[in-house]
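This report goes through selected local features of one protein model. Each term is given with its cut-offs where it comes up.

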Amino acid sequence: MKHLIAPSILAADFANLQSDIEMVNSSAADWFHVDVMDGVFVPNISFGFPVLEAVKKYASKPLDVHLMIVNPDQYIARFAAAGADIITVHYEACPHLHRTIQLIHDAGCKASVALNPHTPVSLLQDILADLDMVLIMSVNPGFGGQQFIPNTYHKLRELKELSLKLNPELLIEVDGGVSMANISALREAGADVFVAGNAVFADASPVEMIATLKAASAASSSFI
Ligand code: DX5
Ligand code: ZN
């Protein structure tokens, strides 16, 4: 089982983005998590291509781009060209999900699907073998700093079981309200990739917090 930390730059200081990116470069973090919101799929607007390109310019780690947008197909090639390494689309935004996944792979990126808190894991059964990752939302998408939804544990366990049968290489990412309070339990439930926004950027010592989260995500909760 992997244990990767992906700080979400949604919680970074946009007026000092370069220094926050360099902080993450110098830390034990594995990826940058980049949240793109369109104000239609979610009730918030974050940023688009110019910010992604600016992040790419300084980032020394892969960009994990989470698209909270309707109609992602028409922008996949542009997100790939702007520097995305992994592209996540929402199940709820993709009526032709198989085609969308093909587009992501054709653009040279790893393909991932996100599930909102109310969307059952079982709906992915017939696409799971084609995916590199599944993102389980542990808050309703749209904002950082929200409270973790406990039903996430059940979904992670169910997805882990399904992935062992259908795609043992699949990465399982958890996004929203991840902190020291739940990271080792999330790992035990099956998560491999941990997105952390507020837990990292609101901390007085973010580099140390990333190292602490990384260590806790490697340990079983019974030892904490
Ligand atoms: C929410 C985003 C998350 C968010 C996580 O819609 O997908 O990636 O940045 O932030 P925290 O860790 O603060 O909940
Ligand atoms: Zn996200």
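## Basis

A residue is called buried at under 20% relative accessible area, exposed at over 50%, and partly exposed in between (1.4 Å probe, protein chains only). This is a predicted model, in which local features need pLDDT of at least 70 and side-chain atom pairs count only at pLDDT 80 or more, while totals for chains, interfaces and linings use all residues. Residues are numbered from 1 along each chain as its sequence is written, chains are lettered from A and ligands numbered from 1 in the order in which they are written, and side-chain values use heavy atoms, with hydrogens and water left out.

Helices (H or I, at least four residues) and strands (E, at least two) are DSSP runs, numbered from the N terminus.

## Aromatic pairs

Rings of Phe, Tyr and Trp (its six-membered ring) pair if their centres lie within 6.5 Å; planes under 30 degrees apart count as stacked, over 60 as edge-to-face and the rest as tilted. The model has 4 aromatic pairs by this rule. One of them joins Phe-14 and Phe-47, edge-to-face, with 5.7 Å centre to centre and 85° between the planes. Phe-14 sits in the loop between strand E1 (4-7) and helix H1 (17-25), and Phe-47 in the loop between E2 and helix H2 (49-58), so the pair ties together parts that are 33 residues apart in sequence.

Phe-47 has a relative accessible area of 9% and is therefore buried. Phe-14, at 44%, is partly exposed. Ring pairs also link Phe-49, Tyr-75 and Phe-79 into a cluster.

Asp-35 and His-66 are both buried.

## Strand E8 and its partners

Two strands pair if DSSP finds at least two bridges between them. E1 and E8 run parallel and are joined by 4 bridges; Pro-7 has Ala-196 in E8 as its bridge partner. Strand E7 (residues 171-175) also pairs with E8 in the parallel sense, over 3 bridges, and Glu-173 stands opposite Val-193 in E8.

Strand E8 (residues 193-196) is covered on both faces, with Val-193 and Val-195 buried on one side and Phe-194 and Ala-196 buried on the other.

## Other local features

Asn-71 lies in the loop between E3 and helix H3 (76-81). Its phi is near 55°, a positive value in a residue other than glycine. With a relative accessible area of 45%, Asn-71 is partly exposed.

Ser-217 belongs to helix H8 (residues 206-218) and is buried, at 0% relative accessibility. Gly-144, in the loop between strand E6 (133-137) and helix H5 (152-166), is exposed at 53%.
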